[in-house]
Amino acid sequence: NRNGLVWDNNALLSIGSTYISGAQFVKKADDRFEINSLVGKQINQYWNYSAFLNLKTQLLPGYRYYSQEGEDLRERITRMFSPAYAQGGVGWYLKKGKNLWANLSPLAARMLLVSKKFTEDLAPNEKYFGVDAGANSKFFFGASISGFFKTQLMTNITLENKYNFYVNYLEKTQNID
């Protein structure tokens, strides 16, 4: 908070799995790795001009599970940084303490990165996470809204909500990610 500067950073790592008795494989239930960084210049008590960077991916491979002739099989369909989302933008940051904030970015770029290993054998009109056959990235330009809210509902029960919305100006603006 020196000279009206705000710099908020956080990292999220979440890994979970599930196993059903008698199953051939342990299955991934949750796998998230996310890094966020936001720098802002104070306008008034709550509002700031802002610029942010965000990276989202997974750490462990993802599989498609299926049965063939009574045998349980799996096919690898994702891996670390395939897919990965890198996003950055400028806008306004509202911060009303450590338990409530929102970042509004009407100018935000997003890059979707995938391994060419997953796109090289696709049919000409087929896509892998929206990336065309033979490519390893896709660029988006749009708006981003993200925020955080946390409150204690009662003793030992806390509600925490983190949200992110992205609207792509370049195609299908009615679709919100």
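Colleague: Which residues are in contact with L159, leaving aside its neighbours within four places in sequence?

Modeller: F149, K150, T151 and L153 are in contact with L159, once neighbours within four places are set aside. Contact means heavy atoms within 4.5 Å. The model is predicted: local features need pLDDT of at least 70, side-chain atom pairs count only at pLDDT 80 or more, and totals for chains, interfaces and linings use all residues. Residues are numbered from 1 along each chain as its sequence is written, and side-chain values use heavy atoms, with hydrogens and water left out.

Colleague: Where is L159, and how far is its C-alpha atom from that of F149?

Modeller: L159 sits in strand β11. Its C-alpha atom and that of F149 are separated by 8.0 Å.

Colleague: Why is L159 called partly exposed?

Modeller: Its relative accessibility is 39%. Buried means under 20% relative accessible area, exposed means over 50%, and partly exposed lies in between (1.4 Å probe, protein chains only). So L159, at 39%, is partly exposed.

Colleague: What makes a strand a strand here, and how many does the chain have?

Modeller: Elements are DSSP runs numbered from the N terminus: helices are H or I with at least four residues, strands are E with at least two. From the N terminus, the order is β-β-β-β-β-β-β-α-β-β-β-β.

Colleague: How does the radius of gyration of the chain stand against that of a compact globule of 177 residues?

Modeller: The chain has 20 Å, whereas such a globule would be near 16 Å. The radius is taken over C-alpha atoms, and the globule rule is 2.2 Å times the number of residues to the power 0.38. The C-alpha trace spans about 65 × 45 × 30 Å along its principal axes. Buried residues make up 28% of the 177.

Colleague: What share of contacts between residues at least 6 apart in sequence joins residues at least 24 apart?

Modeller: The share is 55%. K138 and R110 are 28 residues apart in sequence, and their C-alpha atoms are 8.4 Å apart. K138 touches R110, M111, L112, G130, V131 and E171, not counting residues up to four places away.

Colleague: What is the peptide bond between S82 and P83?

Modeller: The bond is cis, with omega about 15°. Most peptide bonds are trans. P83 lies in the loop between β5 (71–78) and β6 (84–95), and S82 is in the loop between β5 and β6.

Colleague: What makes S82 buried?

Modeller: Its relative accessible area is 1%, so S82 is buried. Beyond four places in sequence, S82 is in contact with T57, Q58, L113, V114, S115, F118 and Y128.

Colleague: What is the phi of F129?

Modeller: Phi is near 55°, a positive value in a residue other than glycine. Most residues other than glycine have a negative phi. F129 is in the loop between β8 (127–128) and β9 (131–132). N156 has a positive phi too, about 65°, and is in the loop between β10 (137–154) and β11 (157–168).

Colleague: Why do F129 and N156 fall into their accessibility classes?

Modeller: F129 is at 42%, so partly exposed. N156 is at 76%, so exposed.

Colleague: How many aromatic pairs are there by the rule?

Modeller: Eight. Why is the pair of Y128 and F129 edge-to-face? The ring centres are 4.8 Å apart and the planes are at 85°. Rings of Phe, Tyr and Trp (its six-membered ring) pair if their centres lie within 6.5 Å; planes under 30 degrees apart count as stacked, over 60 as edge-to-face and the rest as tilted.

Colleague: How do you know what to call the pair of Y163 and F165?

Modeller: The centres are 5.9 Å apart, and the planes make 45°, which is tilted. Y163 is partly exposed at 28% relative accessibility. F165 is partly exposed at 44%. Y128, by contrast, counts as buried at 10%.

Colleague: Which residues form one aromatic cluster?

Modeller: F25, Y63 and Y65.
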